[in-house]
Amino acid sequence: MEKRIGTISIVIRERKMAEKVNKLISDYGDYVLARQGLPFPEREIFIITLIVEAPMDEINALTGSLGRLEHTEGKSILSKIKIA
């Protein structure tokens, strides 16, 4: 199955959602190459960036699941290069 490499940026607007976001990231952990988190508690914004290598179906499933969480946004930027 072809894979793509890219990033997923996640913005959380309420800290209470962090546990659900972390659970999702863990569920897709086999595809996560790197993770960086940047908290802004004084602004009540928490940002997580993932570098992923995964089939498109899995990337879409993860970003879709993130988008269905309250107070959470997730967007992906993927390379056009397909990895066998």
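User: Which residues of H1 are buried?

Analyst: This is a predicted model. In H1, the buried residues are Val 21, Leu 24 and Ile 25. Seen down the axis of H1, these buried residues fall within an arc of 100°, so they line one face of the helix.

User: And what's on the face turned away from the buried side of H1?

Analyst: That face carries exposed residues: Glu 19, Lys 23 and Ser 26.

User: What do the buried residues of H1 pack against?

Analyst: They pack against S1, strand S2 (32–40), S3, H2 and S4.

User: OK, H2 then. Which residues are buried there?

Analyst: Ile 59, Leu 62, Thr 63, Ser 65 and Leu 66 are buried in H2. Seen down the axis of H2, its buried residues fall within an arc of 160°, so they line one face of the helix.

User: What do those pack against?

Analyst: The buried residues of H2 pack against strand S1 (3–12), helix H1 (18–27), strand S3 (45–54) and strand S4 (72–83).

User: How far apart are the end C-alpha atoms of H2, and what span should it have?

Analyst: H2 runs over residues 56–67, which is 12 residues. At 1.5 Å a residue it should span 16 Å, and its end C-alpha atoms are 16 Å apart, which agrees.

User: Back to Thr 63. What's the relative accessible area, and why call it buried?

Analyst: Thr 63 has a relative accessible area of 14%, and buried means under 20%, so Thr 63 counts as buried.

User: What is Thr 63 in contact with?

Analyst: Leaving aside its neighbours within four places in sequence, Thr 63 is in contact with Ile 8 and Ser 76.

User: Where is Ile 8? Buried or exposed?

Analyst: Ile 8 is in strand S1. At 0% relative accessibility, Ile 8 counts as buried.

User: And what are the contacts of Ile 8?

Analyst: Neighbours within four places in sequence aside, Ile 8 is in contact with Ile 48, Thr 49, Leu 50, Val 52, Ile 59, Leu 62, Thr 63, Leu 66, Lys 75 and Ser 76. As for Met 56, it is 48 residues from Ile 8 in sequence and 12 Å away in space, C-alpha to C-alpha.

User: New topic, empty space inside. How would one look for that? What does a probe show?

Analyst: Rolling a probe the size of a water molecule over the atoms shows where empty space is left.

User: How many cavities of 30 Å³ or more are there?

Analyst: The count comes to one cavity of 30 Å³ or more. The largest cavity has a volume of about 40 Å³.

User: Which residues line the largest cavity?

Analyst: The lining consists of Ile 8, Tyr 28, Tyr 31, Val 52, Ala 54, Glu 58, Ile 59 and Leu 62. By class, seven are nonpolar, none polar and one charged.

User: Which element gives the most to that lining?

Analyst: H2 gives the most, with three residues. S3 and H2 each supply at least two residues of the lining.

User: Now S4. Thr 72, buried or exposed?

Analyst: Thr 72 lies in strand S4, and at 6% relative accessibility it counts as buried.

User: What is Thr 72 in contact with?

Analyst: Apart from neighbours within four places in sequence, Thr 72 is in contact with Ile 10, Val 11, Ile 12, Arg 13, Met 17, Val 21, Leu 66 and Gly 67. One of these, Val 21, is a buried residue of H1, and another, Leu 66, is a buried residue of H2.

User: How far is Thr 72 from Ala 18?

Analyst: Thr 72 and Ala 18 are 54 residues apart in sequence and 9.1 Å apart in space, C-alpha to C-alpha.

User: What about the phi of Glu 44?

Analyst: Glu 44 is not a glycine, yet its phi is positive, about 55°. Glu 44 sits in the loop between S2 and S3, and at 55% relative accessibility it counts as exposed.

User: And the phi of His 71?

Analyst: His 71 has a positive phi of about 60°, although it is not a glycine. His 71 is in the loop between H2 and S4. At 26% relative accessibility, His 71 counts as partly exposed.

Note on methods. Residues numbered from 1 in each chain as written. Predicted model: local features only at pLDDT ≥ 70, side-chain atom pairs only at ≥ 80, totals over all residues. Heavy atoms only, no water. Helix = DSSP H or I, 4+ residues; strand = E, 2+ residues; numbered from the N terminus. Expected span 1.5 Å × (residues − 1). Buried < 20%, exposed > 50% of the residue type's maximum accessible area, 1.4 Å probe, protein only. Arc of directions from axis to C-beta. Contact = heavy atoms within 4.5 Å. 1 Å grid on protein atoms, 1.4 Å probe; cavity = no way out; pocket = protein on both sides within 12 Å on 5 of 7 lines; lining within 4 Å. Points joined across faces, edges and corners; volume = space filled by probe spheres on them. Nonpolar A, V, L, I, M, F, W, Y, C, P; charged D, E, K, R; others polar.
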